[in-house]
Amino acid sequence: MKIHAEDIKNSENKPVHIAIIMDGNGRWAKQRGLPRMMGHNEGVKTVKEIVTASGEAGIKYLTIYAFSKENWNRPKDEVNAIMSLLLKTTEKEISELHRNNIRVKVIGDKNDLPKGAWDVLEKGIKLTKNNTHMTLIIALSYGSRDEILRAVRSLAQDIKRGELNPDDINETLFESRLDTHNIPDPDLIIRTSGEYRISNYLLWQSAYAEYYFAPELWPDFHRQEYYRIIMEYAKRERRFGKTSEQVTA
Ligand code: IPE
Ligand code: IPE
Ligand code: MG
């Protein structure tokens, strides 16, 4: 049965924040005897479809893993080509995102990005910063361990300056130093391509996230499969350490 955006919009248990590990572009290309970059190009179409589908379904936060800290270790040609695809796509799509009232944010280590790249992203972030329909978070040169270490360093600096007492470090303060500050934790994390791992994604933030591993390669992943996963999520019971009886009471 076909699931419509409205079905999800009207569902009481829909996730507030969905985070996606978009995986399988390279294999999609390889299956067709094409260069890996063709898979990344095709993957952009899926990004557009899923961003639109999320907005229409009333999802408030969508985080997409576009490039990991570890992806810098790929062959130089691929790294350069992915970077220019990311920038070209951001430049091309930003006005439509803005028209659709979507706010864009970036998480990750911006110091790694080539000069000029951050300017393009920052322009988009500034343009869309007051938009309210949905927040699209792009994880770029993102590694969760790196993010956590940057947060720890920032707290350590405060202590060194005598501005912070170590006893006052709590979850709220720690979270305020993460790239994801002011973004609620993901409720649902989806990874495509049939790989069952986290690959350094949102380790702190996913403490109580629900996971779904989809077999489709990212370019083969479409709205209906996405909506089916969200509907399945809505049926799960999230207990946060409590008993089922407590949760249903
Ligand atoms: C995901 O697809 C996109 C990025 C990591 C940038 P991959 O490029 O990892 O595709 P596979 O896993 O090799 O198929
Ligand atoms: C994770 O995919 C990163 C992104 C989707 C951007 P990878 O393909 O890089 O992950 P591993 O190396 O297979 O774990
Ligand atoms: Mg991969």
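Me: Which atom of ligand 1 is 2.9 Å from an N or O atom in the side chain of Asp 23?

Reply: An oxygen atom of ligand 1. A polar contact is a pair of N or O atoms within 3.5 Å; within protein, one must be able to donate a hydrogen and the other to accept it, and residues adjacent in sequence count only if both atoms are side-chain atoms. This is a predicted model, where local features need pLDDT of at least 70, side-chain atom pairs count only at pLDDT 80 or more, and totals for chains, interfaces and linings use all residues. Residues are numbered from 1 along each chain as its sequence is written, ligands are numbered from 1 in the order in which they are written, and side-chain values use heavy atoms, leaving out hydrogens and water.

Me: What about Arg 74 and ligand 1?

Reply: A polar side-chain atom of Arg 74 lies 2.8 Å from an oxygen atom of ligand 1. With Gly 26, a polar backbone atom is 2.9 Å from an oxygen atom of ligand 1.

Me: And which atoms pair up between Ser 199 and ligand 2?

Reply: A polar side-chain atom of Ser 199 and an oxygen atom of ligand 2, 2.6 Å apart. An N or O atom in the side chain of Asn 71 is 2.9 Å from an oxygen atom of ligand 2, and for the side chain of Arg 191 the figure is 3.3 Å.
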